[in-house]
Amino acid sequence: MMRLIDLRSDTVTKPTDEMRKAMATAEVGDDVFGEDPSVNLLQEKMAGLLGKEAALFVASGTMGNLVSILTHTHPADEVILEANSHPFHYEAASAAAYAGVQFFPILGNRGILTDTEIAKAIRPDDPHFPKTRLICLENTHNRGGGKIYPLEEIQKIRALADANGIAMHLDGARLFNATVATGIPPADYCKPFDSISVCLSKGLGCPVGSVIAGSKEWIKAAHQNRKRLGGGMRQVGILAAAGIYALDHHMDRLAEDHRRAKELADAISQIPLFEFTPSAVETNIIVLPIHDPETSPEEVVERLKSEGVLVVPFGPGEIRLVTHIGIDDKDVARTIEVFQKLFGE
Ligand code: TLP
């Protein structure tokens with residue numbers, strides 16, 4: 001059978017044998033009683049790594065963002081975020097449904113907003129307007145093609161938030177891709193934020209889970225919101241053990257995913273149908289433009305699939321490829337060969 005090369009997302013990874021061993025032998029307890037040693041260890045490790053007082057294991061990145069937004073806001077507050085950000089684009093309006101907040105989306109440059117753009121969206125203190133309570137940023141930015149948020153820009157936004165009494169949350173689903181690519185330590189990247197959500201189930205290669213982090217007091221309130229959403233889990237150390245294993249063994253290797261994404265970008269960008277600037281690929285995500293309006297993303301996806309290469313349509317005239325722990329150098333070479341065979345001139 002043809003080996004499938006699955007570049008649809010870094011969420012498709014399967015736990016390695018070593019990770020499965022760590023999960024199978026994990027010490028567990030009832031986490032609703034706070035008695036799961038593996039969950040407690042993961043939370044401590046992550047809080048330390050992100051430079052925050054406390055952390056909380058949650059089921060998914062979507063739950064991490066929702067619990068965070070719930071914990072920062074009151075119904076009818078407003079949250080400023082980027083128009084292509086995950087909470088606005090992909091979370092089924094969960095913050096509207098469960099936190100009762102209104103989003104103020106601003107279209108950025110590949111997901112990056114500046115302090116000047118955000119400043120214009122902050123509401124004046126006037127009974128006509130909602131209260132601007134929270135700014136959410138995303139690093140790396142998924143729909144921005146894995147774009148790294150420059151730390152200096154975040155620091156300027158923090159100064160603006162401080163001047164206006166606004167909290168800041170980071171959707172750091174792929175924060176470690178940014179820290180590995182830049183060499184900036186996670187705690188430095190997280191310092192300007194009141195809360196952070198990081199995913200274990202993306203580049204780190206775990207089957208499930210995210211962790212949110214913040215002050216002790218904030219995490220206490222977040223814990224109650226997680227409970228309200230039905231996210232209090234029991235012997236969940238089996239999953240936390242995968243996270244601990246990944247923090248110890250799967251972090252540095254993200255650089256390999258970035259190198260492979262660059263190799264793919266360099267080769268595919270030379271095919272006129274997909275021409276783009278390969279240096280735009282900063283981490284593990286490649287968003288490819290399709291320059292022929294007659295060729296739909298779905299058609300490109302189908303043709304690649306017939307040769308065993310899986311990618312996803314990513315909006316009008318675009319497809320996305322993501323490298324991850326399940327993709328090796330041979331897969332990269334084969335993918336380039338398939339692109340050239342199908343679409344090269
Ligand atoms: N992203 C998924 C899809 O939902 C699009 C993917 O394949 O990239 N924040 C960011 C920046 C994300 O990219 C994702 C998932 C999430 C949050 C949500 O994480 P999960 O899927 O664990 O709820």
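This is a predicted model: local features need pLDDT of at least 70, side-chain atom pairs count only at pLDDT 80 or more; totals for chains, interfaces and linings use all residues.
An oxygen atom of the ligand sits 2.9 Å from an N or O atom in the side chain of Arg-320.

**Around the ligand**

- The ligand has 15 residues around it, and those that come nearest are Ser-9, Thr-62, His-86, Asp-171 and Arg-174.
- His-86 places an N or O atom of its side chain 2.8 Å from an oxygen atom of the ligand.
- Asp-171 faces a nitrogen atom of the ligand instead, with a polar side-chain atom 2.7 Å away.

**Helix α11 and its partner α1**

- Helix α1 (residues 17-24) and helix α11 (residues 237-249) have axes that come within 8 Å and cross at roughly 135°.
- That angle makes α1 oblique to α11.
- The crossing of these two helices, α1 and α11, is right-handed.
- On the α1 side, the contact is made by Glu-18, Met-19, Ala-22 and Met-23; on the α11 side, it is made by Ile-238, Leu-239, Ala-241, Ala-242, Tyr-245 and Ala-246.
- Sorted by class, the contact of α1 with α11 holds nine nonpolar residues, one charged residue and no polar ones.

**Helix α11 and its partner α2**

- Helix α2 (residues 37-50) also packs with α11, at an angle of about 35° and with the axes 8 Å apart.
- Here the crossing of α2 and α11 is left-handed.
- From α2, the residues in the contact are Ser-38, Val-39, Leu-41, Leu-42, Lys-45, Met-46 and Leu-49.
- From α11, Gly-237, Ala-240, Gly-243, Ile-244, Leu-247 and Asp-248 take part in the contact with α2.
- By class, the contact of α2 with α11 has eight nonpolar, three polar and two charged residues.

**Helices α3 and α10**

- α3 and helix α10 (residues 216-228) pack with their axes 9 Å apart, at an angle of about 115°.
- α3 and α10 form a right-handed crossing.
- In α3, the residues that meet α10 are Met-63, Val-67, Ser-68, Leu-70, Thr-71 and His-72; their counterparts in α10 are Trp-218, Ala-221, Ala-222, Asn-225 and Arg-226.
- The contact of α3 with α10 divides into six nonpolar, four polar and one charged residues.

**Two backbone exceptions**

- Most residues other than glycine have a negative phi, and most peptide bonds are trans.
- Ala-76 is not a glycine, yet its phi is positive, at about 75°.
- You can find Ala-76 in the loop between α3 (61-72) and β3 (78-82).
- Asn-139 and Thr-140 are joined by a cis peptide bond, with omega about -5°.
- Thr-140 belongs to the loop between β5 (132-138) and α7 (151-163).

Note on methods:
Residues are numbered from 1 along each chain as its sequence is written. Side-chain values use heavy atoms; hydrogens and water are left out. Axes are lines fitted to C-alpha atoms, for helices over the stretch in contact, and angles run from 0 to 180 degrees between N-to-C directions. Helices (H or I, at least four residues) and strands (E, at least two) are DSSP runs, numbered from the N terminus. Angles under 35 degrees count as roughly parallel, over 145 as roughly antiparallel, 65 to 115 as roughly perpendicular and the rest as oblique. A crossing is left-handed if the near helix is turned anticlockwise from the far one by less than a right angle, and right-handed if clockwise. Contact means heavy atoms within 4.5 Å. Ala, Val, Leu, Ile, Met, Phe, Trp, Tyr, Cys and Pro count as nonpolar, Asp, Glu, Lys and Arg as charged, and the others, Gly among them, as polar. A residue is near a molecule or strand if one of its heavy atoms lies within 4 Å of it. A polar contact is a pair of N or O atoms within 3.5 Å; within protein, one must be able to donate a hydrogen and the other to accept it, and residues adjacent in sequence count only if both atoms are side-chain atoms.
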